Amino acid sequence: MLELQQVAVAYGGHTVVKEVSLSLAQGQIGCLVGPSGCGKTTLLRAIAGFEPVASGVISLQRQPVSSTTLQLAPELRQVGMVFQDFALFPHLTVADNIAFGLGKLSKAEKTAQVKQLLQLVGLPDLGQRYIYQLSGGQQQRVALARALAPKPRVLLLDEPFSSLDTELREGLAREIRQILQQLRITAIMVTHDQNEAFAMADMIGVMEFGRLQQWATPYELYHKPANRFVADFIGRGVLIPGTMLDAQQVKTNLGTFTQRYVSTVQAGDQVDVLIRPDDIVHDDASGITAQVVEKAFRGSHILYQLKLHSGELVQCLALSHHNHAVGEQIGIRLDLDHLVLFPRT
Amino acid sequence: MLRGWRDIWCWAVLLPALLLALPVLVIFASLLQPETEIWQHLRQTVLADYVVNSLLLAGGTGIGAILLGTGSAWLISQYQFVGRRLLQWMLLLPLAMPAYIIAYTYTGLLDFAGPLQSYIRELTGWRYGDYWFPQIRFLGGAIVMLSLVLYPYVYMLARTAFSDQSASLFEASRTLGLTPRQHFWRVALPLARPAILTGTALAMMEAFADYGTVQYFGVTTFTTGIFRTWFGMGSQAGAAQLAALLTGFVLVLLLLEQWSRRKIRYYHQGQRSQPTALRRVGVGRQMLLLLLCCLPVLFGFVVPAIQLSSWALSNYQVTFNQQFITLVWNSFSLAALAAVVTVLLALLFAYGKRLRRDVLVQAPVRLAALGYAVPGTVIAIGVMIPLAYLDGRIDTLAEQWFGMRTGLILSGTLFALVLAYSVRFLAVSLHSVEAGLQRIKPSMDDAARSLGFSPLGVLKNVHVPLLRTSVLTALLLVFVDVLKELPATLILRPFNFNTLAVRTYELASDERLADAALPALAIVLVSLLPVILLARSVKATHEGAP
């Protein structure tokens, strides 16, 4: 459906997006996450046709729309976009905003479509309002309806929730995912908030310095990060040092573990092992103890920051009633389902 | 491909911007060739007068504007009293009264044969010499006249500054042990100081630029000196150098203004928690406040407007004739032409700045927009010198090549006037157009493109409807400013081409004040339009936050 092959984008001789390849099937929702300045918005604007590509090909439904020799104008791509600041037109009513992209239809058809879209986004009675009379969340829905109105081949969302309150975000993200799935719209969203990405996406891409570090499902991204950057960026966790005993066993300060997958590491190699907070289980019976350095009460859980005897800091997600004071020594046990390790360079 | 477009924008902005900057550059370039003889003469005779009088005039007007403007702004923004809503915008009315017109009117009003003295004599039976009556045709009178019509600059900015201060500031002062009076001096006034200074700088620039009032009152300042040196002594270079000196004074004010404007932003506290509640006072104090706030409007607008109307009514059979209609036609068509040209330039510059964030585009536009600070007299001289030179060259070339003479094809036609107006009023229109353009966020362009509109379609469906109001406002503002403008028009108008402002000036100079009333009244009436516009926005901002 949407396919990017080795896409690079440059601004005035400075390459901000490098060799990005990814693809989305019809109806799939993709998310691009990464720290600010990593090139994710630029990539989105290249798909929309606002930026030319320096190399590579962008195709929609197997038809190239951007390449080094071709740049289809944005208005000819049938690409919908929801902007960070919504970019709603202040001189038009909500209904006129939504009808803005419905070029050739008759007036009755337009009215009917607008009505249907307003229904879809849950604002059936607000068609005659002006934009300044709406709340942020309502503006967000109008922006979505306007982008969906011309039935785009792909919908692009650029940080669509960044100007909204935190409480609103999650609900809206879920709602929008439902709407997109209902319409079987292919969509790609840019965000810097991984929780939003987890809530929305079938596929997530992590970007850093213009490169796509990994393109995978949320599950894979969390449990099988491709490199240190992804491991660090997605979820919480720390890397603790270890030594390979053979190709599959690794010895750390928290014990010796076996990995199921065969990798390129050999006996004697120095590695770093990724430890997530949920990998460390609080167990008073355990022989290994660590000192509580910091604690954050989370309601159902407590997130402890622990200091091992070797001086390394790890995090532990314990059940809420295991309440210990800062400074106390508590017993811990490592409960690793699978090993994620990176060779030390 | 992109680069080519960008370069077209760059040139399209750079060339007209430099043309607009040319007059001021010419004025400063004149300093490179000092005309020693004239300077010697000027220094020995009148230069000291020019400097002292101009400084006193501007300084006095500044103080007057601060007193009237800040005082009324404070009362309007703090107290609830009868007529406050009405006065809030009526205090802007004197903006519609050009300084030279109020000067003519008060001269006639306070004259020995004028209505006031006649009435006093009738009432008391005194005769000439029996009583003392104040004279206004001297420096002090000019300061009063200018203060009366220029204080709204301070009032407008100070009122916003005061009413934007959040109520919690006042409450914080009170909990820290300050009386309301101490709060005013130690918190409210210092916070509003950048706004007050900005308004004062603008008023003082106008005072420096004034020609009509000081010429009529016989006060020798820079502007009258420039006229005298140019026309009386026939020295272009001397006039240009005087102009350069005057511009130097104005530049100091300009720096003050720009510096204060930046401060306003620092001092503005972003979101205001709660607008200040108006203080309620007893009926007696309300009447006093009403009276105080009425005074500037009364003397700055109502009294002169009534006097002008009565003159105009008393002899309209004589003055309202074919000649007057020609005057109106000349003024309106000239003002409309200048407004269209200036707004087109402003649109070009605003779009250039939007599409090309580059020093090569930004800097020349800023330079060209500084013309608002430069007195009309100075701009006129700066336009006249290069155009007269060009005319000479074109004339010679045309005679050599085609055997015909072109005469004053640039400096003797409306071209010179329109150029001068564009220099002086570009900032006014640019300000309005840019404010409109700012409402169109770049993402709206993108949104419209992704919804299937070509760039031209975006212009038509998004930009035109959203810009319409600000472009119309810009047209109106420039139109009215041109209509009121006097000194540049006097110097640059084509031979035998008269406008309302010029005719008012000529008739007043011939002491035919009653005859001058009709064209003057026409100017005042048209000038009311932008004031009404401004008043509406004042009301809107105030009632928008209940």
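**Entry 1: chain A, overall**

I count a residue as buried if 20 or more other C-beta atoms lie within 10 Å of its own, and as exposed if 12 or fewer do. The model I am looking at is predicted. With that cut-off, I looked up chain A and found that 38% of its 345 residues are buried. I then noted the elements of chain A: eight helices and 20 strands. The C-alpha trace of chain A spans about 75 × 50 × 35 Å along its principal axes. I also checked contacts in chain A between residues at least 6 apart in sequence, and 63% of them join residues at least 24 apart.

Most residues other than glycine have a negative phi. I looked up two residues of chain A with this in mind.

Ala87(A) is not a glycine, yet its phi is positive, at about 50°. I found Ala87(A) in the loop between strand 6 (79-82) and helix 2 (94-99) of chain A. Is Ala87(A) buried or exposed? I found 24 C-beta neighbours inside 10 Å, so Ala87(A) counts as buried.

Lys151(A), also a residue other than glycine, has a positive phi near 50°. Lys151(A) lies in the loop between helix 4 (136-148) and strand 7 (154-158) of chain A. Here I found 12 C-beta neighbours inside 10 Å, so Lys151(A) counts as exposed.

**Entry 2: chain B, overall**

I moved on to chain B and noted 23 helices and two strands. Of the 546 residues in chain B, 44% are buried. The C-alpha atoms of chain B fill a box of roughly 80 × 75 × 50 Å along the principal axes. I compared the radius of gyration with the globule rule: a compact globule of 546 residues would have a value near 24 Å, and the 25 Å of chain B agrees with this. Among contacts in chain B between residues at least 6 apart in sequence, I found that 85% join residues at least 24 apart.

Two packed helices are described by the angle between their axes and the distance between the axes. I looked up both values for two pairs.

In chain B, helix 7 (residues 139-164) packs on helix 13 (residues 283-314) at an angle of about 120°, with the axes 9 Å apart. Helix 7 and helix 13 of chain B are therefore oblique to each other. I noted their crossing as left-handed. Which residues of helix 7 of chain B meet helix 13 of chain B? They are Leu148(B), Val149(B) and Tyr151(B), and they meet Pro296(B), Phe299(B) and Gly300(B) in helix 13 of chain B. By class, this contact has five nonpolar residues, one polar and no charged.

Helix 17 (residues 376-402) and helix 18 (residues 414-438) of chain B pack at about 135°, with their axes 10 Å apart. Helix 17 and helix 18 of chain B are therefore oblique as well. The crossing of helix 17 and helix 18 of chain B is right-handed. Among the residues in contact I listed Ile379(B) and Val383(B) of helix 17 of chain B, and Leu419(B) and Arg424(B) of helix 18 of chain B. The contact of these two helices of chain B divides into nine nonpolar residues, one polar and one charged.

**Entry 3: where the chains touch**

Last, I looked up the contact between the chains. It takes 17 residues from chain A and 15 residues from chain B. On the side of chain B, helix 19 (442-450) and helix 20 (455-484) are the elements that give two or more residues. Helix 19 of chain B gives the most to this side, with six residues. I sorted the side of chain B that touches chain A by class and found seven nonpolar, four polar and four charged residues.

Key
Residues are numbered from 1 along each chain as its sequence is written. Chains are lettered from A and ligands numbered from 1 in the order in which they are written. This is a predicted model: local features need pLDDT of at least 70, side-chain atom pairs count only at pLDDT 80 or more; totals for chains, interfaces and linings use all residues. Two residues are in contact if their C-beta atoms, placed from the backbone, lie within 7 Å. Helices (H or I, at least four residues) and strands (E, at least two) are DSSP runs, numbered from the N terminus. Ala, Val, Leu, Ile, Met, Phe, Trp, Tyr, Cys and Pro count as nonpolar, Asp, Glu, Lys and Arg as charged, and the others, Gly among them, as polar. The radius of gyration is taken over C-alpha atoms; the globule rule is 2.2 Å times the number of residues to the power 0.38. Axes are lines fitted to C-alpha atoms, for helices over the stretch in contact, and angles run from 0 to 180 degrees between N-to-C directions. Angles under 35 degrees count as roughly parallel, over 145 as roughly antiparallel, 65 to 115 as roughly perpendicular and the rest as oblique. A crossing is left-handed if the near helix is turned anticlockwise from the far one by less than a right angle, and right-handed if clockwise.
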